Amino acid sequence: MTTAVAGPRTRAHSPARRPGRERRNRGLLGLLAWLCGIVFFLPFAWMVLTSLHGEQDAAANPPHLAAPLTLHGYREFFGSGTGVSPWPPLVNSLTASIASTVLVLLLATPAAYALSIKPVRKWTDVMFFFLSTKMLPAVAGLLPVYLIAKNAGLLDNIWLLVVLYTSMNLPIAVWMMRSFLAEVPVAIMEAASIDGAGLPTVLTRIIAPVVMPGIAATALISFIFSWNELLFARVLTGVVAGTAPVFLTGFVTSQGLFLAKVCAAAVCISLPVLAAGFAAQDKLVQGLSLGAVK
Amino acid sequence: MSTPSTTSSPSRWLRAPDALRRGPSVASAGPPRPRPRGAWARRAPLLPALVFMIVVTQLPFVGTLVISFMRWNALDPGNKGFAGLSNYTTEFTDPQLRSSLTTTVVLTASVVLVSLALGLGLALLLDRRFRGRGLVRTLLITPFLVVPVASALLWKHALYNAEYGLLNGSLSWVWSLFGSHNPPQPDWLSQSPKLAVEASLIWQWTPFMMLILLAGLQSRPTDVVEAARVDGATTWQVFRYLTFPHLRRYLELAALLGTVYVVQNFDAVFTLTSGGLGTANLPYAVYSTFYQAHDYGQASAEGVIVVVLSIIVATFALRTVSSLFREETR
């Protein structure tokens with residue numbers, strides 16, 4: 001264990017009481033943390049393993065851990081058996097997630113600017129208005145949205161989801177972006193404009209370097225939430241604009257074995273979120289807590 | 001943030017947040033600059049986002065509110081009209097709908113409390129240094145990054161399934177170790193449906209709680225803790241009198257945000273049990289009343305009730321966020 005590394009920092013000022021026992025406790029707690037990590041990871045690992053098994057082996061009881069690995073489930077996901085391609089729903093999901101993320105950033109960044117660098121009057125009230133919209137369950141607006149979309153001929157249209165996902169993520173983005181923009185050094189900014197720098201220069205030279213990581217994190221979180229959404233996608237789309245989560249629910253069949261196939265599909269559809277989430281790991285908390293925790 | 005009522009000049013008014021955030025040095029940096037059109041120039045970047053949010057989220061809710069007082073079933077379009085409070089009285093007298101109300105409360109409370117407790121334990125474990133801490137953290141947040149529908153399908157078919165799920169598979173394996181060919185094979189989803197839904201959600205939400213609490217633990221001032229240790233405080237005393245009071249607001253925040261998200265849960269209930277066996281929560285009830293029974297009036301009344309419940313939670317959540325927020329911007 002790494003007591004040698006941890007020692008100087010954490011025990012620098014504390015008297016070395018019972019060093020042997022403390023070292024052993026430290027080791028045991030580290031082991032316990034590892035054990036918890038593995039327990040939480042286990043269902044996911046099982047999903048990946050099952051996705052790589054044949055359908056017969058996947059449905060074995062007791063589980064057949066060392067069964068031969070195959071990509072059969074993944075081939076099925078890509079339509080080898082049924083001829084149904086997963087690409088239309090995946091492209092729909094990508095369109096909805098990316099377009100709404102772009103829209104979110106376009107709306108949130110200026111708004112956050114007006115809430116931090118040059119704040120409007122009562123800017124905290126505005127912040128809490130944004131937050132309160134996030135606290136109201138989306139399901140409450142589902143029916144009117146459905147009726148309006150139906151009358152406007154927008155049902156089964158991916159751009160309807162783009163608008164809804166934008167409204168879903170905008171409050172989070174405004175809060176996150178504000179907390180990043182608040183770190184912009186205003187004194188330097190003012191000095192630069194006194195020295196004759198125009199707005200473009202200030203934006204690219206002073207604001208952008210500080211804010212770019214924040215924009216990236218905001219984009220990733222907005223992407224994750226849009227990609228995951230099921231309820232609106234299910235109610236408001238059909239065969240044309242169905243998204244990946246809706247497509248995934250269709251893999252469960254009443255006949256025959258489907259476990260490996262479903263697991264393969266679940267892994268494939270989760271991959272973009274896992275990638276985005278691990279990339280934004282450090283900023284994840286800040287986004288999920290709406291910028292309240294750093 | 002308190003509004004600076006003592007200041008009178010409009011430009012100082014506008015600069016107040018800056019002054020509070022960055023301290024007096026910046027506030028006194030420039031002379032007061034009266035700008036007649038400044039206010040609107042400042043507001044302009046904010047307006048698109050604000051208008052968008054009002055149109056897309058607030059107006060539909062007004063629609064829901066109006067429809068909730070109407071008699072309107074899409075399967076019976078001729079019989080449409082004002083219904084007064086009858087949708088609400090149905091909601092509170094129909095046993096099935098009333099059970100969706102209690103299910104929401106029980107489901108949310110149990111998921112939030114259990115994952116909060118587990119998250120606290122994990123955050124405390126991860127707050128100390130050990131080999132591979134970063135990797136363990138990554139392992140722990142994985143459940144949160146699986147697409148919720150995928151996770152629900154995983155639990156339903158790969159874990160809970162009575163014939164080939166991992167839970168019963170493991171039971172068979174353990175029993176076979178002792179030479180028994182007759183292991184118990186419970187049907188988890190139909191025997192304890194609520195627990196099954198809760199377990200899958202707890203798996204998903206514990207990482208969320210852990211991340212917030214870990215951030216809280218790591219923002220704790222270390223010098224105070226070390227001083228306490230020098231003075232001979234035990235680990236328990238440090239936790240009880242230093243860590244816990246510091247962590248309290250983070251616990252509140254995690255619980256409230258978790259509640260806000262879990263109250264709205266639809267994916268797990270929809271996928272695992274399709275709302276059967278007493279697991280239908282309010283979002284699922286709204287969905288099925290609207291999408292399957294086509295009773296628009298009733299569905300809207302349910303929507304309004306979800307909102308009222310959420311406002312109660314949100315009021316506390318907003319207060320907690322605002323106290324953290326005020327501290328940060330101070």
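Predicted model: local features only at pLDDT ≥ 70, side-chain atom pairs only at ≥ 80, totals over all residues.
## Chain B overall

Chain B contains 16 helices and two strands. Of its 330 residues, 52% are buried. When contacts in chain B between residues at least 6 apart in sequence are considered, 66% of them join residues at least 24 apart.

## The second largest pocket

The volume of the second largest pocket is about 940 Å³. Its lining consists of 40 residues, and those nearest the centre of the pocket are A:K134, A:A138, A:M168, A:E229 and B:Q264.

Several helices give two or more residues to this lining: from chain A, α6 (123–135), α8 (158–181), α10 (199–228) and α11 (231–236), and from chain B, α4 (47–68), α11 (193–218) and α13 (235–263). The element that gives the most to the lining is α4(B), with six residues. Sorted by class, the lining residues of this pocket are 28 nonpolar, nine polar and three charged.

## One face of helix α5 in chain B

Helix α5 of chain B spans residues 86–93, and its buried residues are B:N87, B:Y88 and B:E91. Viewed down the axis of α5(B), these buried residues fall within an arc of 100°, and they therefore line one face of the helix.

## Cysteine A:C268

Over all chains, a search of the whole structure finds zero disulfides. For A:C268, the nearest cysteine sulfur belongs to A:C263 and is 11 Å away. A:C268 has a relative accessible area of 17%. Because the cut-off for a buried residue is under 20%, A:C268 counts as buried.

## Glycine A:G287

A:G287 lies in helix α14 of chain A, which covers residues 281–288. The relative accessibility of A:G287 is 0%, so this glycine is classed as buried. Leaving aside residues up to four places away in sequence, A:G287 touches A:I172, A:M176 and A:I221.

The position of A:G287 can also be given relative to A:A260. The two residues are separated by 27 residues in sequence and, from C-alpha to C-alpha, by 34 Å in space.

Methods. Residues numbered from 1 in each chain as written. Chains lettered and ligands numbered in written order. Heavy atoms only, no water. 1 Å grid on protein atoms, 1.4 Å probe; cavity = no way out; pocket = protein on both sides within 12 Å on 5 of 7 lines; lining within 4 Å. Points joined across faces, edges and corners; volume = space filled by probe spheres on them. Helix = DSSP H or I, 4+ residues; strand = E, 2+ residues; numbered from the N terminus. Nonpolar A, V, L, I, M, F, W, Y, C, P; charged D, E, K, R; others polar. Buried < 20%, exposed > 50% of the residue type's maximum accessible area, 1.4 Å probe, protein only. Arc of directions from axis to C-beta. Disulfide = S-S within 2.5 Å. Contact = heavy atoms within 4.5 Å.
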